[in-house]
Amino acid sequence: MTVTAHDLGRRFHTALTTGDWPAIRSLLHDDATWTLPGDNTISGTVHGGDAVIERARKIASYGVSFELLHVLVSRDNMALSLHNTAQRPDAVLDEYLATVCRLRDGRIADIETYLSDVPGMNAFFV
């Protein structure tokens, strides 16, 4: 059975919201990368499927709620349109983002995240 890009996006989001790290790992190529903007503890590019999982775990450890707005598909790739929120005593996260996934052979090869509020992300992920 062939997994569509839309299905892959839904599976990724479901696994992220439930903390099912092995499920996310199964959707990634071994050489997957993830690039995030900003200058904070989760910024930059990580290389390798295991590093992508560690980044996802770190983001989730901040108590982030990942509200899925849309799964967007192109001819060959997919993106998640998300509204991420979280709160700490000294900071609030409230950002819209697109997590763009380049696909290869039915799995995620590269992820790049585009954010609505990079300064807010920098203030939250310290």
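**Exercise 1.** Classify Tyr62 as buried or exposed.

*Solution.* Buried means under 20% relative accessible area, exposed over 50%, and partly exposed in between, with a 1.4 Å probe and protein chains only. The relative accessible area of Tyr62 is 19%, so Tyr62 is buried. The model is predicted: local features need pLDDT of at least 70, side-chain atom pairs count only at pLDDT 80 or more, and totals for chains, interfaces and linings use all residues. Residues are numbered from 1 along each chain as its sequence is written, and side-chain values use heavy atoms, leaving out hydrogens and water.

**Exercise 2.** Assign a geometry to the ring pairs of Tyr62 with Phe124 and with Phe125.

*Solution.* Rings of Phe, Tyr and Trp (its six-membered ring) pair if their centres lie within 6.5 Å; planes under 30 degrees apart are stacked, over 60 edge-to-face, the rest tilted.

1. The whole structure holds 3 aromatic pairs.
2. For Tyr62 and Phe124, the centres are 5.8 Å apart and the planes at 50 degrees, so this pair is tilted.
3. For Tyr62 and Phe125, the values are 4.7 Å and 70 degrees, so this pair is edge-to-face.
4. Tyr62, Phe124 and Phe125 form one aromatic cluster.

**Exercise 3.** Determine where Arg88 lies relative to the ring of Phe124.

*Solution.* A charge sits over a ring if NZ of Lys or CZ of Arg is within 6 Å of the ring centre and within 35 degrees of the ring normal.

1. Arg88 lies over the face of Phe124, 4.9 Å from the ring centre.
2. Not counting residues up to four places away in sequence, Arg88 touches (heavy atoms within 4.5 Å) Tyr62, Ala123, Phe124, Phe125 and Val126.
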